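This briefing goes through selected local features of the structure shown below, grouped by topic.

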Protein chains: 2
Amino acid sequence: MTRYALEIEYDGAGFVGWQFQTSGVSVQQVLEAAASRLASAITHAAGRTDAGVHAEAQVVGLDLDRDIAPERLLAALNFHLRPHRVAVRRAALAPAGWNARLAATGRAYRYLILNRRAPPALLAGRVWHVERPLDHDAMHRAAQSLLGRHDFTSFRAAACQAASPLRTLDRLDVRRDGELVVIEAAARSFLHHQVRNLVGTLVQVGQGRWAPTRPAAILAARDRREAGPTAPPEGLTLVGVRYATDPFAGVSAR
Amino acid sequence: MTRYALEIEYDGAGFVGWQFQTSGVSVQQVLEAAASRLASAITHAAGRTDAGVHAEAQVVGLDLDRDIAPERLLAALNFHLRPHRVAVRRAALAPAGWNARLAATGRAYRYLILNRRAPPALLAGRVWHVERPLDHDAMHRAAQSLLGRHDFTSFRAAACQAASPLRTLDRLDVRRDGELVVIEAAARSFLHHQVRNLVGTLVQVGQGRWAPTRPAAILAARDRREAGPTAPPEGLTLVGVRYATDPFAGVSAR
């Protein structure tokens with residue numbers, strides 16, 4: 001058995017999420033099907049993205065019952081992945097004892113809101129369309145009050161299986177780029193729906209319904225009913241995973 | 001009859017282009033169908049984009065047999081345009097005597113090349129995938145030799161119906177943004193396939209097949225057979241149209 005590290009990109013539309021499910025096609029399923037054309041294959045991912053959530057650089061551990069040079073593996077996987085909207089950007093032999101999920105020391109997500117009257121045409125399926133003007137400065141101020149190590153029960157999905165609701169939020173930046181409001185979040189790890197629940201709450205602030213001081217009070221309440229609605233999945237993209245030792249050191253995607 | 005100016009965005013995939021055709025669904029067709037829910041309607045566009053070509057800000061003249069406030073027109077058109085990937089970003093009453101095509105004094109296009117080994121997943125249908133590394137500096141140098149007023153016969157489609165092959169190319173910039181090579185072109189007007197034929201030629205230079213001096217020689221030859229192949233439509237986006245008097249002055253898309 002050889003373990004490979006893969007950096008993969010996917011369009012979450014049309015997938016039930018990263019993980020195998022009986023209800024539809026998952027990213028894991030099409031990736032393992034592609035790898036199975038080469039040898040017996042098992043995968044695990046750094047972040048188990050939900051249905052509709054995209055990835056620019058998800059990291060996957062692939063256990064393969066055969067030795068293949070990483071460059072050949074990349075080409076073969078991309079060939080067999082067509083026509084699915086999943087692509088392998090980089091492939092490398094995994095360091096000894098490495099696990100894509102357990103070794104990860106940081107995850108970064110980006111959430112995009114299209115804040116204009118017209119619905120998205122070019123960005124359909126990639127953004128949350130919010131027509132009412134958003135005060136991104138107020139959202140950013142509110143976001144800063146949530147940084148650090150806290151009990152994030154108020155922003156955690158009922159179905160969340162994590163042992164503890166304690167997480168350390170390292171970054172939650174809100175900025176405007178023309179018609180887009182861009183939210184960037186980083187932490188060692190996130191609770192289930194945590195980013196989308198944070199975004200749903202910040203949008204209440206951005207629309208002026210809630211004061212920028214309220215999200216900190218919601219956090220302190222440790223009660224999911226206090227927070228805003230869960231933002232839709234299509235605005236969310238996993239943009240990167242960090243490791244103490246980069247498994248792709250020296251490997252270019254170009 | 002009232003003439004409106006519309007700024008529209010569309011995803012060119014699935015359309016036979018801007019203009020009505022018997023072979024499939026055009027952007028003009030779905031826009032006129034939406035407007036016809038309100039009153040008799042006729043449209044004309046600043047740029048007749050080809051099948052698969054996108055627009056961020058195409059400008060359309062809409063003649064409507066009824067008076068509607070522009071903000072109400074925008075909302076009604078976007079409502080009736082669903083679920084097509086066409087959206088009206090801005091709407092205004094057209095200035096007297098204004099015509100979207102004839103009054104235009106400049107068109108700007110952007111062409112995106114995804115230059116990496118992995119095929120596009122998130123940018124599928126929006127980029128030309130070129131695996132072989134491109135020297136974007138060589139492409140930019142070659143592009144600068146094509147600026148100005150010239151006979152662009154070498155870069156003109158056989159089907160081009162323009163009376164003259166003379167055009168003034170104001171801008172043709174090539175730069176790299178990570179895995180993307182971005183080409184930005186601007187002129188008062190372009191010949192049919194001119195941008196895509198220029199891109200096809202610059203890619204030959206970027207791959208090292210042709211010297212950066214060759215595109216100028218191709219231009220001077222006035223022979224389509226000298227130039228490179230036509231780049232595929234999906235990498236091309238009409239990003240803006242300029243007018244001596246901005247028909248949307250004071251109208252925000254937000």
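In chain A, Arg222 is placed in the loop between α5 (214–221) and β10 (236–243). The model is predicted. A:Arg222 has a positive phi of about 50° although it is not a glycine, and with a relative accessible area of 52% A:Arg222 is exposed.

**Backbone geometry**

- B:Arg222 is likewise a residue other than glycine with a positive phi, in this case near 50°.
- The loop between α5 (214–221) and β10 (236–243) of chain B is where B:Arg222 is found, and B:Arg222 is exposed because its relative accessible area, 53%, is over the 50% cut-off.
- A:Arg82 and A:Pro83 are joined by a cis peptide bond, with omega at about 5°.
- A:Pro83 belongs to the loop between α2 (70–81) and β4 (86–93) of chain A.
- In chain B, the peptide bond between B:Arg82 and B:Pro83 is cis, and omega is about 5°.
- B:Pro83 sits in the loop between α2 (70–81) and β4 (86–93) of chain B.

**Largest pocket**

- The volume of the largest pocket is about 1400 Å³.
- Its lining consists of 40 residues, and those closest to the centre of the pocket are A:Leu112, A:Leu123, A:Leu180, B:Leu112 and B:Leu123.
- By class, the lining of the largest pocket has 17 nonpolar, five polar and 18 charged residues.

**Cysteines**

- A disulfide is a covalent bond between the sulfur atoms of two cysteines.
- A:Cys160 has a relative accessibility of 14%, so A:Cys160 counts as buried under the 20% cut-off.
- B:Cys160 also counts as buried, with a relative accessibility of 13%.

**Aromatic pairs**

- A pair of aromatic rings is described by the distance of the centres and the angle of the planes.
- The count of aromatic pairs over all chains comes to eight.
- One of them is formed by B:Tyr111 and B:Trp128, with 6.4 Å from centre to centre and 85° between the planes, and this pair is edge-to-face.
- B:Tyr111 lies in strand β5 (residues 104–114) and B:Trp128 in strand β6 (residues 128–129), both of chain B, so the pair ties together parts that are 17 residues apart in sequence.
- Both B:Tyr111 and B:Trp128 are buried.
- The ring centres of B:Phe152 and B:Phe155 are 6.4 Å apart and the planes are at 55°, so this pair is tilted.
- B:Phe152 counts as buried because its relative accessibility is 0%.
- For B:Phe155 the relative accessibility is 0%, so B:Phe155 counts as buried.

**Charges over rings**

- In chain A, A:Arg214 lies over the face of A:Trp210, and the distance from the ring centre is 4.0 Å.
- In chain B, the charged end of B:Arg214 is placed over the ring of B:Trp210, at 4.1 Å from the ring centre.

**Selected positions in chain B**

- B:Arg48 is located in the loop between β2 (41–45) and β3 (54–64) of chain B.
- B:Arg48 is partly exposed because its relative accessible area is 46%, a value that falls between the 20% and 50% cut-offs.
- B:Arg48 and B:Gln28 are 20 residues apart along the chain, and their C-alpha atoms are separated by 9.7 Å.
- B:Leu64 is part of strand β3 of chain B, and B:Leu64 is buried, with a relative accessible area of 0%.
- From C-alpha to C-alpha, B:Leu64 and B:Met1 are 5.6 Å apart in space, while in sequence they are 63 residues apart.
- B:Tyr4 is in strand β1 (residues 2–10) of chain B, and at 0% relative accessibility B:Tyr4 counts as buried.
- Along the chain, B:Tyr4 and B:Ala253 are 249 residues apart, and the separation of their C-alpha atoms is 15 Å.

Definitions and conventions
Residues are numbered from 1 along each chain as its sequence is written. Chains are lettered from A and ligands numbered from 1 in the order in which they are written. This is a predicted model: local features need pLDDT of at least 70, side-chain atom pairs count only at pLDDT 80 or more; totals for chains, interfaces and linings use all residues. Side-chain values use heavy atoms; hydrogens and water are left out. On a 1 Å grid over the protein atoms alone, a cavity is a set of points where a 1.4 Å probe fits but cannot get out, and a pocket is an open set with protein on both sides within 12 Å along at least five of seven lines; lining residues have an atom within 4 Å of a point. Grid points are joined across faces, edges and corners, and a volume is the space filled by probe spheres set on the points. Ala, Val, Leu, Ile, Met, Phe, Trp, Tyr, Cys and Pro count as nonpolar, Asp, Glu, Lys and Arg as charged, and the others, Gly among them, as polar. Buried means under 20% relative accessible area, exposed over 50%, partly exposed in between (1.4 Å probe, protein chains only). Rings of Phe, Tyr and Trp (its six-membered ring) pair if their centres lie within 6.5 Å; planes under 30 degrees apart count as stacked, over 60 as edge-to-face and the rest as tilted. Helices (H or I, at least four residues) and strands (E, at least two) are DSSP runs, numbered from the N terminus. A charge sits over a ring if NZ of Lys or CZ of Arg is within 6 Å of the ring centre and within 35 degrees of the ring normal.
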